[in-house]
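Here are my notes on this one, written for someone opening it for the first time. Have a look at the sequence and the fold, then read on.

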Amino acid sequence: MKINEHNFIKYLQVGKENALDYVIDHYLPLIKGVVLKILGPLDVNDIIKECCNDILLSIWKNAKKFKGDAADFQKWVCVIAKYKAIDYYRMEMKKKESPSLDIELTQTDSKYESTYLEEQENIQAILSTLKPFDRKIFIMKYLLDFDTEEIAHKLQMTKSAIDNRLYHGRKKLKKDLGGMPIEKSV
């Protein structure tokens with residue numbers, strides 16, 4: 001089977017990896033162009049590569065949903081690239097705006113620095129009692145300030161599943177902390 005511009009969509013939709021190779025060979029420059037236009041100002045190469053890979057994965061996973069010809073496919077790829085890149089841009093901006101567990105202190109006062117480091121260690125110790133997936137949800141919700149719908153979308157889960165994991169996680173943390181109340185808006 002020879003993959004070309006006339007049959008690659010059909011083969012992509014039935015899961016032929018050769019068709020994905022065709023998409024990579026012919027559409028990756030277009031994808032990179034769209035991604036660079038949006039993520040270029042951040043000047044973080046790893047994020048650009050990760051975003052491009054995520055776009056290709058999305059094309060692969062959603063190929064069956066595509067209806068149209070090669071010209072429509074190019075537009076479809078551009079739309080996916082644009083919105084994925086915007087998602088990555090928003091996530092990166094949230095990371096820069098939100099406190100992270102790995103932020104370095106610039107304050108010279110050692111009293112404040114030691115208090116901060118103790119707090120950071122306490123947060124890490126508390127979160128380490130959660131399962132890794134639940135810890136990721138907690139970090140997204142309470143440290144990166146993602147809303148529940150955004151977390152559900154990113155993790156491909158329902159909103160109620162995220163709410164349920166947050167509820168049970170708060171309950172577990174409350175028990176682990178000896179009954180101290182855990183606020184929903186930590």
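Are Phe66 and Phe73 buried or exposed? Both are buried, where buried means under 20% relative accessible area, exposed over 50% and partly exposed in between, with a 1.4 Å probe and protein chains only.

1. Some ground rules before the details. This is a predicted model, in which local features need pLDDT of at least 70, side-chain atom pairs count only at pLDDT 80 or more, and totals for chains, interfaces and linings use all residues. Residues are numbered from 1 along each chain as its sequence is written, and side-chain values use heavy atoms, with hydrogens and water left out.

2. Let's start with the rings. Seven aromatic pairs turn up in a search of the whole structure. Rings of Phe, Tyr and Trp (its six-membered ring) pair if their centres lie within 6.5 Å; planes under 30 degrees apart are called stacked, over 60 edge-to-face, and the rest tilted. Phe66 and Phe73 make an edge-to-face pair, at 5.3 Å centre to centre and 90° between the planes.

3. Phe66 also pairs with Trp76: the ring centres are 5.1 Å apart and the planes sit at 45°, so this pair is tilted. It links distant parts of the chain, with Phe66 in the loop between α3 (45-62) and α4 (70-97) and Trp76 in helix α4, 10 residues apart. Helices here are DSSP runs (H or I, at least four residues), numbered from the N terminus. Phe66 has a relative accessible area of 6%, so it counts as buried.

4. The charged end of Lys10 sits over the ring of Tyr11, 5.1 Å from its centre. The rule asks for NZ of Lys or CZ of Arg within 6 Å of the ring centre and within 35 degrees of the ring normal.

5. Now take a look at Glu92, in helix α4. Glu92 is buried, at 12% relative accessible area. Leaving aside residues up to four places away in sequence, Glu92 touches Leu42 and Ile47, contact being heavy atoms within 4.5 Å.

6. Finally, the cysteines. How many disulfides are there? The count is zero, taking a disulfide as a pair of cysteine sulfur atoms within 2.5 Å. The sulfur of Cys51 has its closest cysteine sulfur in Cys52, 5.9 Å away, which is too far for a bond. Cys51 is buried at 0% relative accessible area, and Cys52 is buried at 5%.

Conventions
Helix = DSSP H or I, 4+ residues; strand = E, 2+ residues; numbered from the N terminus.
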